[in-house]
Amino acid sequence: MNDLMSAGLHRLWKDRLISKLNPFPGMKHLDVAGGTGDVAFRVVERIKSVSHRATQGTLTDMEEDTHIYVCDINPNMLEVGKKRAAEKGYNEEQCLSWVQGDAEALSFEDGSMDGYTIAFGIRNVTHIEKALSEAYSYDIYSFSVIPAVGELVAGDRQSYQYLVESIRRFPKQEKFAQMIQEAGFEAVEYENLVGGVVAIHSGVKL
């Protein structure tokens, strides 16, 4: 559906998100509403790439300390992610964990994460301020979000109706940036992609 809605561009948008996140070996990262694993797989690959370039392919202690948590409220989405992980050869990766949970009431310890991402799932959160507050509870060096803020054709009536409604409800870029600031993050900024159809918001917890 994401491929259909964005003509495949969502892959480039997520690559840009990871570039902005700049993951590092030893990182503890939480991807919320990421059951399919799209973002988590990219984080793992970027960390492995950085680590292997630095050590000529030798597994480092820092890489072994890397852990990516995929959190999603929908167990079926998590199963899809696990299946995709196995297909990609990640079934033996010790650094990936799949956790069922709510973006508005995360179960991880405060101060336990270096990074937090939530992609298009932010549109499905009932109380966005609550989700942002939960995000701030972690020791986040970088907080990144890709909210969809434009209408993309989904290809079937039901999904299109849902998509339009969720996009219309979602705050504009400036308002969402303000909400992130009000949650406590600093250096909040956003980058428009495709003329503002999609935006990557980021902030830092100092």
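Buried here means under 20% relative accessible area, and exposed means over 50%. The model is predicted.

**View 1. Helix α5 with its buried side.** Helix α5 covers residues 75-87. Leu78, Gly81 and Ala85 of α5 are buried. These residues lie on the same side of α5, because they cover an arc of only 55° around the axis. An α-helix has 3.6 residues a turn, so residues three or four places apart point the same way. On the face of α5 turned away from the buried side are the exposed residues Asn76, Lys83 and Glu87.

**View 2. The ends and the span of α5.** At the N-terminal end, α5 is capped by Asn74, with a side-chain oxygen 2.8 Å from the backbone nitrogen of Asn76. After α5 comes Gly89, which has a positive phi, near 85°. The end C-alpha atoms of α5 are 18 Å apart, which agrees with the 18 Å that its 13 residues should span at 1.5 Å a residue.

**View 3. Gln173 in helix α8.** Helix α8 is made of residues 173-182 and contains Gln173. Gln173 has a relative accessible area of 14%, so this residue counts as buried. Its side chain makes a polar contact with the side chain of Asn192, at 2.7 Å.

View 4. Over the protein, the average pLDDT is 80, and 73% of the residues score at least 70.

Note on methods
Residues are numbered from 1 along each chain as its sequence is written. Side-chain values use heavy atoms; hydrogens and water are left out. pLDDT is the predictor's confidence in each residue, from 0 to 100. Helices (H or I, at least four residues) and strands (E, at least two) are DSSP runs, numbered from the N terminus. Buried means under 20% relative accessible area, exposed over 50%, partly exposed in between (1.4 Å probe, protein chains only). A polar contact is a pair of N or O atoms within 3.5 Å; within protein, one must be able to donate a hydrogen and the other to accept it, and residues adjacent in sequence count only if both atoms are side-chain atoms. The expected span of a helix is 1.5 Å times one less than its number of residues. The arc is that of the directions from the helix axis to the C-beta atoms.
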